[in-house]
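Hi,

Here is the structure I promised to pass on. Have a look at it first, and my notes follow below.

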Amino acid sequence: MDNDVILVIVVGTALVFDFTNGFHDTANVVATSISTRAMPPRLAVAYASVLNFAGAFLSIAVAATIAQDVVASDAITPTVVFAGLIGAISWNLITWYYGLPSSSSHALIGGVVGAAFVAAGADAVLGDGVLGKVLVPAVVAPVLAFVVGGIAIVVCYRTVGRLRPGPVSRGYRLGQVVSGGLLALAHGTNDAQKTMGVITLALITNGNLSADADPPTWVIITAATAIALGTYSGGWRIIRTMGTRIIKMDPAQGFSAQGAGAAVILASTHYGFPLSTTQVISGGVMGAGAGKRLSAVRWGIAGNIVTAWLLTLPAAAAIGALAYGVTRVFGTGSLGPAVVTAIGLALVAAAFARRIRQGAPVPAP
Amino acid sequence: MLATVVDTGALLKTVAAAFVAGVGVTLVFSLAILGAARFADLSRDGRRFAAASFGALAIVALAAAAAAVTIGIIVMTRK
């Protein structure tokens with residue numbers, strides 16, 4: 001009975017994480033399209049939402065599951081996964097509140113690493129995996145996208161620089177609709193799978209599925225729906241940061257950032273060197289700004305974003321560790337996860353109530 | 001030490017492919033815009049041969065961009 005209650009709590013928490021992943025990462029897909037007026041804001045998030053939903057069905061390669069190669073597999077229990085999800089959700093909400101784009105994948109890995117560290121000791125954390133699968137890609141992703149985005153915008157300006165601006169802007173806006181769609185599909189394919197992996201893992205450890213089972217249809221549909229709803233709800237604070245605060249973008253820059261971002265993400269997918277979508281798009285936006293002129297980038301904002309990236313792993317790990325510790329205070333049954341869930345819901349409700357009292361500081365554009 | 005924990009082969013291939021695809025897609029789409037815009041201008045001026053050349057450039061470049069998008073979707077479905 002206790003195990004079934006824990007399973008239900010883990011599934012619910014995983015879907016909440018999927019929702020926060022959607023609204024946190026909406027900006028990656030739609031921010032440049034909105035800021036260059038390639039699409040109206042509500043239409044852009046609806047478009048991204050539909051393609052995120054569709055993307056979740058394109059591939060179910062759940063083998064690349066949560067924290068693989070980063071945490072020893074025998075240290076992963078439903079309670080560790082639950083505490084890791086709490087760490088990831090908390091960090092997603094904190095960075096959303098401050099309008100900072102940060103990697104949901106790194107937050108999830110950090111949360112699970114922290115929880116596994118407290119649960120099973122330092123040996124449970126695979127240092128080589130953390131370095132090779134998280135830290136090195138975290139450096140490569142933004143630098144690569146920055147350079148490709150910077151070269152791409154120079155190519156754009158050299159090719160169409162002498163044409164009348166009207167047709168050029170219309171052309172690049174049209175291109176943004178397509179490149180944004182490609183990004184939304186890629187995001188749905190990559191990120192909805194994480195939730196499918198978490199839920200499938202919980203079902204396997206609870207004995208509901210065999211070890212080599214594919215995710216059931218209800219898992220695929222609920223994960224796709226949660227990320228699509230999250231995307232549609234729109235994380236406007238991060239959209240504003242990505243779309244207007246890093247650089248003031250023209251349609252050519254928007255297309256270069258999105259096109260370079262999509263190319264980098266798909267190249268990394270093809271060659272099996274996964275990179276964070278958020279870091280790639282942020283790097284592409286900065287590169288498209290710097291390619292025009294270095295002073296076009298607001299480096300203070302860029303610095304805040306990089307700081308959030310540096311903090312993601314340790315902060316999510318600390319929250320995951322704390323969540324696991326609090327859970328274990330109440331024993332090994334379902335009471336601990338239930339109490340942590342209740343505390344989490346109360347904190348979120350308090351934060352939203354405070355925001356409603358203050359008025360929405362960042363309304364939908 | 002870094003070389004033992006990082007798949008350097010996959011990393012180098014990713015970097016090379018990202019450069020080719022990112023800059024390549026931007027170039028062909030920019031050429032499509034150039035072709036379409038010059039086609040419209042030259043057609044208005046009655047310069048049919050030059051207009052047709054830029055029209056052909058726009059069509060070929062747009063086809064290349066569409067092929068790149070198709071390849072992208074195939075990469076997603078095959079991963």
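This is a predicted model, where local features need pLDDT of at least 70, side-chain atom pairs count only at pLDDT 80 or more, and totals for chains, interfaces and linings use all residues. Residues are numbered from 1 along each chain as its sequence is written, while chains are lettered from A and ligands numbered from 1 in the order in which they are written.

I started with helix H7 of chain A. Its buried residues pack against helix H1 (2–35), helix H2 (41–55) and helix H6 (165–205) of chain A. Helices here are DSSP runs (H or I, at least four residues; strands are E, at least two), numbered from the N terminus. Buried means that 20 or more other C-beta atoms, placed from the backbone, lie within 10 Å of a residue's own. Among the buried residues of H7(A) are A:Val219, A:Ile220, A:Ala223 and A:Ile227. The helix covers residues 217–233 and reaches 24 Å from its first C-alpha to its last, close to the 24 Å expected (1.5 Å times one less than its number of residues). Just after H7(A), A:Gly234 has a positive phi of about 70°.

Next, the cores. A nonpolar core is a set of buried Ala, Val, Leu, Ile, Met, Phe, Trp, Tyr and Cys residues joined through C-beta atoms within 7 Å. The largest has 82 residues, and A:Val30, A:Val264 and B:Ile33 are among those with the most contacts inside it. Helix H2 (residues 8–44) of chain B gives this core its largest share, 14 residues. There is also a second, separate core of 62 residues, including A:Ile6 and A:Ile227.

Now for chain B. Its secondary structure is three helices and zero strands. Its C-alpha trace spans about 65 × 25 × 15 Å along the principal axes, and 34% of its 79 residues are buried.

Finally, how do the chains meet? The contact takes 41 residues from chain A and 31 residues from chain B, counting two residues as in contact if their C-beta atoms, placed from the backbone, lie within 7 Å. On the side of chain A that touches chain B, the largest share, 13 residues, comes from H5(A). That side has 28 nonpolar, 12 polar and one charged residues; Ala, Val, Leu, Ile, Met, Phe, Trp, Tyr, Cys and Pro count as nonpolar, Asp, Glu, Lys and Arg as charged, and the others, Gly among them, as polar. A:Val264 touches residues of both chains, including A:Leu144, B:Ala18 and B:Gly22.

Cheers

Terms used
Buried ≥ 20, exposed ≤ 12 C-beta atoms within 10 Å, placed from the backbone. Lists of a residue's contacts leave out its neighbours within four places in sequence.
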